[in-house]
Amino acid sequence: MHQLSRTDARRIAVRAQMLDTPRPTDLLDVVRRLTLLDIEPTAAVAPSADLVLWSRLGGAYEPEELQVLLENRVLLELNGVIRPSEDIALYRAKMDESQRGDTLTGWRKSRNEWVLANKVCHRDILRRLAADGPTATRDLPDTCAVPWKSTGWTNNRNVSQMLELMVARGEVAVAGRRGGERLWDLAGRVYPDDPLVPADEARRRRNELRLQSLGIARARATQTGIEPPDVGEAGEPAVIEGVKGEWRIDPAYLGQPFSGRTALLSPIDRLVYDRKRMAELFEFDYQLEMYKPVAKRRWGYYALPILHGDRLIGKLDATADRKAGVFRINAVHQDAPFTKAVKAAVDQEIADLAHWLHLDLELAG
């Protein structure tokens, strides 16, 4: 059982996320280490996937590089995230299970039953994709006999929901995008023809990759979103001074010297995405406030967490106004007053971000 201080745990987390020094230099290596890039279209500053890569690679990163890897299917989109194509094999057993349906329970079983109730629509989509290749959602026929019922925005969105469930079944896949709109094709034409990995082995390997990416994580936690926050039995057990519960640690990060730097992070960067873990390790108070009324926002519409060394020290409220050609700094919220050296480092990072965005820096007010 490894005994860690919070400082130890934070440094492992920062190092695992490639936010220490020196910076990485290879885009594909970064995505493989992170295991995924969230696709979040909000571009108040820049799309999240681009911000995540800029935070690691710096000004050398060009978004066109990411698009080339996607077009060449070195990277693939699955369930709203970008993953290395070789990792898709780790999800195929789960897809086969969803397609068979014999072991499904609860909401998964009811969704499978909805697909079966709409077998004509299901068949029509497969036939259309087989004939036409990559096709947008709006160009696929809605022949559902039983409409999709929901109290949210997906109500009666039959084709889009059918496609999402067909992704879970391993039948269709995102083949690319056109102007931000997803294009669908048969999964066999998109995914690599790698051998299927048995379910238990795939789960173990996914946990190992996730722990390598996070450095330190809970052994068990309540699942939220697409990517689980826990890692099962991967790595080795650890306890953190002042933090309850058992953690798992990738021992490869132990005993390494730490050299931190300053970084501006996407609000859904993996270092801060798990807000509970963020609060426990970094003692950092943060929420994405874009869905809050203006009067209730503390830090701004799309505030970027500020990392300095092994601490999260504040939030940057800024907007990329591309029409005006400026990167507008509304406020730099300091959790504690910055020293002169810290302020200089943060200011330099802000200037570097403006330069990367090809916008002039503007201080509001």
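**View 1. The buried side of helix H2.** Leu27, Leu28, Val30, Val31 and Leu34 are the buried residues to look for in helix H2 (residues 27-34); buried here means under 20% relative accessible area with a 1.4 Å probe, protein chains only. They share one side of H2, because the arc they cover around the axis is only 160 degrees, taken from the directions from the helix axis to the C-beta atoms. Strand E2 (37-38), H3, H4, E3, strand E4 (81-84) and H10 are among what covers them. Helices (H or I, at least four residues) and strands (E, at least two) are DSSP runs, numbered from the N terminus. This is a predicted model: local features need pLDDT of at least 70 and side-chain atom pairs count only at pLDDT 80 or more, while totals for chains, interfaces and linings use all residues. Residues are numbered from 1 along each chain as its sequence is written, and side-chain values use heavy atoms, with hydrogens and water left out.

**View 2. The two ends of H2.** After H2 comes threonine 35, which has a positive phi, near 75 degrees.

**View 3. Glutamate 289, a buried loop residue.** Find glutamate 289 in the loop between helix H12 (275-282) and strand E12 (304-308). Glutamate 289 counts as buried because its relative accessibility is 1%. A polar atom of its side chain sits 2.7 Å from the backbone nitrogen of tryptophan 299. Beyond neighbours within four places in sequence, glutamate 289 has contacts (heavy atoms within 4.5 Å) with Lys296, Arg297, Arg298, Trp299, Gly300 and Tyr301.

**View 4. The largest pocket.** Its volume is about 1,800 Å³. Of the 45 lining residues, Asn79, Trp107, Arg108, Ala168 and Ile226 come closest to the centre. A pocket is an open set of points on a 1 Å grid over the protein atoms alone, where a 1.4 Å probe fits, with protein on both sides within 12 Å along at least five of seven lines; lining residues have an atom within 4 Å of a point. Helix H5 (92-100), helix H6 (106-117), helix H8 (158-168), strand E7 (181-186) and helix H10 (199-214) each give at least two lining residues.

**View 5. The second largest pocket.** This one holds about 680 Å³ of space. Its lining has 25 residues, and Ile39, Gln67, Leu70, Glu77 and Arg177 are the closest to the centre. Two or more lining residues come from each of helix H3 (48-57), helix H4 (63-71), strand E3 (75-78) and strand E6 (172-178).

Notes: Points joined across faces, edges and corners; volume = space filled by probe spheres on them. Buried < 20%, exposed > 50% of the residue type's maximum accessible area, 1.4 Å probe, protein only. Polar contact = N/O pair within 3.5 Å; in protein donor to acceptor, adjacent residues only side chain to side chain.
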